[in-house]
Amino acid sequence: MKLEDVVHTIASTGQAGTFAHVTAAALRYRPVRRMLVGYVDRRISQRLEEARHINERRPPRVTRDKAYIIRALVHSIDRALARGHVSEAVVRGLLRGLVVNGFLREERRDALERFCREHGGYGPPGFLTISPGKLCNLRCKGCYASSGNNSEKLDWEVFDRIITEAKTLWGSGFIVISGGEPLAYRSHGRGVLDAAARHQDVFFLMYTNGTLIDEKVAARMAEVGNLTPAISVEGWEERTDARRGKGVFRRVLAAMAHLRRAGVPFGISLTATRENCEEILSDEFLDFFFEEQGAVYGWIFQYMPIGRGFTLDLLPTPEQRLWMWQRTWQVVREKRYFLADFWNLGSCSDGCISAGRQGGYLYIDWNGKVMPCVFVPYSPVNINEVYQQGKTLNDVLEEPFFRAIREWQDRYGYAASRPDETGNWLMPCIIRDHHAEFRRILEMTEPDPEDEAALQAMTDPAYREGLIAYDEALARVLDPVWTQEYLGSNGRTAP
């Protein structure tokens, strides 16, 4: 019997908790971890050698990219366990939320099969990103969410229902929380950690500025066991404090110390701009956070010209995009740090994952506005109104704005039947890398701008022309790379 069959049998008989407890205890022992990591390494090596034959729909290098990033994730988790930075309670939460309940329980399989039957064989989104509150204790320059001293928020019952529907309708075992500052959210006396405690069959990733994580909050996260915070930094102390406020960098380091002592795995969230991309991808910076501070993972968000005080001047140049792609893969392959750039590593996700694509996600903000992506501030529908009309998340997916984006994703390679039909996934983002196409969809479906900044961007001809010119320059740099490295001889033979 295969390992996954054993786990599925345990989960389906209601013994998920027992499985999580036993496995979490076993993973404390180095020989067990060495055996598992060795097994993963062997399977990854096999996939690298057989990449050309594993998935005939995708360029072989796409398969190899996915293998490298999975290997980096496994090694990153192993490092955290070896250093004692992850408590047994959190390991149990991860196993219970992602591995067992998230992927193997009968309820999830039933939800997936039901959704596919009702949607012509098309699968559901894999997760949701929810910003339950706009309130934030900081006021960062260029915040994509324009957060600050604002009490706009989702009612607790709506917040809870959204998570429940993602589980029951889509079979999702993963939810991302953003903001505002998530830890500042309160409704009916409850907050984000209460949501994690209530939904123990879900694993939560929470983007946070980290300044509200004290010893007590870290202990509660460890107790809950199914949430990991990704803490935002802009670079070293001078650059982080310049954007986020004096003293924030040191408060972030204090939060990381609390999390290490409590055994809560955490990561870093980096906004890459024209001014800091070399700094945040330097060996010195990455080693400081991954080795000295104990970060398990890192997310790179290239600057998006939306939100408070948006400007095109902070976009990484096309040449910097190319360098970042090369450098990020060097880090992933050589250092085996799990460091994901949502733009330059589009090959790992088969391109853009917005608008409720199969395996992708939707974004819901503090006012209930549903959007394709955190960085696409245009909404055709409000979840509060959806629920008042007796509808569900499945009805939201049918909005023409979301359908039009999914159709573009399919044309750009997601639905490709041959590698040469795949678009350039080094330029996966519809709003930034294909702005002319995005504006066509925007004008055709007419969603509402999320806020005043989104309206300003939509009506500013200089903004539109500037992004289209940026995309054209980007294509001149990255299209030849995609052709050679993914569709050409390098893509077929590179290790």
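Biologist: Let us start with strand β4. Is β4 mostly covered or mostly exposed?

Modeller: In this predicted model, strand β4, residues 227-233, is mostly covered, with seven of its seven residues buried.

Biologist: Which residues point which way from β4?

Modeller: Leu227, Pro229, Ile231 and Val233 point one way, while Thr228, Ala230 and Ser232 point the other way. Residues on both sides are buried.

Biologist: Which strands pair with β4, and in what sense?

Modeller: Strand β3, residues 203-208, pairs with β4 in the parallel sense over five bridges. Strand β5, residues 267-272, also pairs with β4 in the parallel sense, over four bridges.

Biologist: What is the bridge partner of Tyr207 in β4?

Modeller: The partner of Tyr207 is Ala230.

Biologist: Turning to helix α5, how many residues does it have, and how far does it reach?

Modeller: Helix α5 covers residues 60-82, which is 23 residues. From its first C-alpha to its last it reaches 33 Å, close to the 33 Å expected at 1.5 Å a residue.

Biologist: How many of the residues in α5 are buried?

Modeller: The count is 17 of 23, and the helix is therefore described as mostly covered, buried meaning under 20% relative accessible area.

Biologist: Now a loop residue. Where is Ser354, and is it buried or exposed?

Modeller: Ser354 sits in the loop between β7 (338-341) and β8 (361-364). Its relative accessibility is 4%, so Ser354 counts as buried.

Biologist: What is Ser354 in contact with, leaving aside its neighbours within four places in sequence?

Modeller: Ser354 is in contact with Tyr361, Pro372, Cys373, Ile405 and Gln409.

Biologist: On to charges. How many salt bridges does the structure hold?

Modeller: There are 26 salt bridges. One of them joins the side chains of Arg250 and Glu237, at 3.0 Å from N to O. This pair links distant parts of the chain, with Arg250 in helix α12 (residues 248-262) and Glu237 in helix α11 (residues 237-244), 13 residues apart.

Biologist: Which residues form salt bridges with Arg418?

Modeller: Arg418 forms one with Asp420, where the closest N and O atoms are 3.1 Å apart. The side chain of Arg418 also meets that of Glu421 in a salt bridge of 3.0 Å, N to O.

Biologist: How exposed are Arg418, Asp420 and Glu421?

Modeller: Arg418 is partly exposed at 43% relative accessibility. Asp420 counts as exposed at 53%, and Glu421 as partly exposed at 32%.

Biologist: Finally, which residues are linked in a network of salt bridges?

Modeller: Such a network links Asp283, Asp287, Arg327 and Lys335.

Technical notes: Residues are numbered from 1 along each chain as its sequence is written. This is a predicted model: local features need pLDDT of at least 70, side-chain atom pairs count only at pLDDT 80 or more; totals for chains, interfaces and linings use all residues. Side-chain values use heavy atoms; hydrogens and water are left out. A salt bridge is a side-chain nitrogen of Lys or Arg within 4 Å of a carboxyl oxygen of Asp or Glu. Helices (H or I, at least four residues) and strands (E, at least two) are DSSP runs, numbered from the N terminus. Buried means under 20% relative accessible area, exposed over 50%, partly exposed in between (1.4 Å probe, protein chains only). Contact means heavy atoms within 4.5 Å. The expected span of a helix is 1.5 Å times one less than its number of residues. Two strands pair if DSSP finds at least two bridges between them.
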